[in-house]
Amino acid sequence: MARLVVVGDALLDVDVVGTAERLAPDGVAPVVDEGARTLRPGGAGLAAVLAASAGDQVTLVAPIGDDEAGRALGRALRSHGVDVVAVPVARTTTKTRIRVGTTTVARLDRTGEPLDEDVAVPELSHLARHADALVVSDYGLGTAGLGAVRRTIRRSAVDLPVVWDPHPRGPAPVAGTIATPNEAEAGLPVRDRGVASACEAAARLRREWRCRAVVLTRAELGVVVDAVGEPPRAIPAPAVEAVDSCGAGDRLATAMASSLSAGRALDDAVREAMGHASALVRRGVEAHLAAPAPPGQLDAIGVAEQTRRSGGVLVAAGGCFDLLHAGHVALLERARSMGDALVVCLNSDRSVRALKGHDRPVVGEHDRAAVLRALRCVDAVATFEGPDPVELLRLIRPDVFVKGSDYAGAHIPEAGAMAEWGGRIATVPLVPGRSTTRLLQEVRLDQRTTA
């Protein structure tokens, strides 16, 4: 879990969905009978919410007014676990979409007051000193141009990963950051989507902005990366059937920052971030905000999609992995050797208690997942509720599901699900004398002996 600071232009998105059966008599416009009205964070607020829903500890620094819209935006952000530092403004930016079914027939914008370029943002400097990474989410409303913001970003970029998501109406990114423009923001012609042109544009922007790297996003074509001292390269996106691309760029930026803060190499962080963004596109932002995926599930989906796209073999293994020991590591290493990527399906704390008793697990699910992710053989960890990971397996559809040899010949509840898509069950030998139960028994015996 990374400590992320997101700074940028937050706004309140309002969707009004209704029906239209007639035109207005005083103009050629549909008369919309209002039905459902929904509110959600937009702009930098959406970036912060998406990061928080993936498990990061997120603080948003953004202009938010003490008006009705600002209070609604603050409540929405906090309901998703985002800490909010409001830069005072007289009016909160609001975008209201009038929709009939899935079609937007009009949009009403209420833009906030222009920002004073000399406004102080003392909280940002303090937060940056305690952050693992920063994200600048520029929506062209002025926050990224504030002197106080740019000074803090400039200092922070020396020691921390800083990902800058630019906007055509915004200022150039601060030198030393990692910028994530899209094709339009890079000035690429609509009809020219060739790799060579994208590489040239990324290199030009990196030199112009003096960035550490430019990650030029190209929607379904993936990204082009141009970093200081390295040749440009194209990284394909996972194949995904799009539901809604809203928020994909925000998710890419925040996921990349989180991955870089964990020490990932740039290309690895980009691939991981594209998995998160593709998973969001696959679900749609409204479904994601209504019911965020369980911890690690978006990681697992991203790894699964990337593995299938490259023609690789996806392996999964499940278990409690309480008090990780040599037997666990041996099983996971054997599992990883059977394919090209390994997803660990981890029993939640509630699931472990149901299976093992009220005194288990000894180690909580977040710490168990963190230790597993640190293993070189593990590509993703996803938590599941219930006695078995059948529903999680249906989501990622692995080619192989690995169990310990103690299950050989026994009924395996996951076997039926694996058969649905032609997957198989594999068993691997256990390391004799290695189990969490035995370790706990030895510790308790030692405690009684020394008491």
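When I say two residues touch, I mean heavy atoms within 4.5 Å. Hi everyone. This is a predicted model, where local features need pLDDT of at least 70, side-chain atom pairs count only at pLDDT 80 or more, and totals for chains, interfaces and linings use all residues. Residues are numbered from 1 along each chain as its sequence is written, and side-chain values use heavy atoms, with hydrogens and water left out.

Let's start with Arg 264. By that contact rule, Arg 264 touches Ser 259, Ala 269 and Glu 272, leaving aside residues up to four places away in sequence. With Glu 272, the side chains are joined by a polar contact of 3.1 Å; that term is for a pair of N or O atoms within 3.5 Å, where within protein one must be able to donate a hydrogen and the other to accept it, and residues adjacent in sequence count only if both atoms are side-chain atoms.

Where does Arg 264 sit? You'll find it in the loop between H6 and H7, helices being DSSP runs of H or I with at least four residues, numbered from the N terminus. Among the H6 residues meeting H7 are Leu 252, Met 256 and Leu 260.

Finally, have a look at Leu 266 in H7. Its partners, again beyond four places in sequence, are Ile 178, Ala 213, Val 225, Ala 227, Arg 233 and Leu 260. Thanks, folks!

Conventions
Helices (H or I, at least four residues) and strands (E, at least two) are DSSP runs, numbered from the N terminus.
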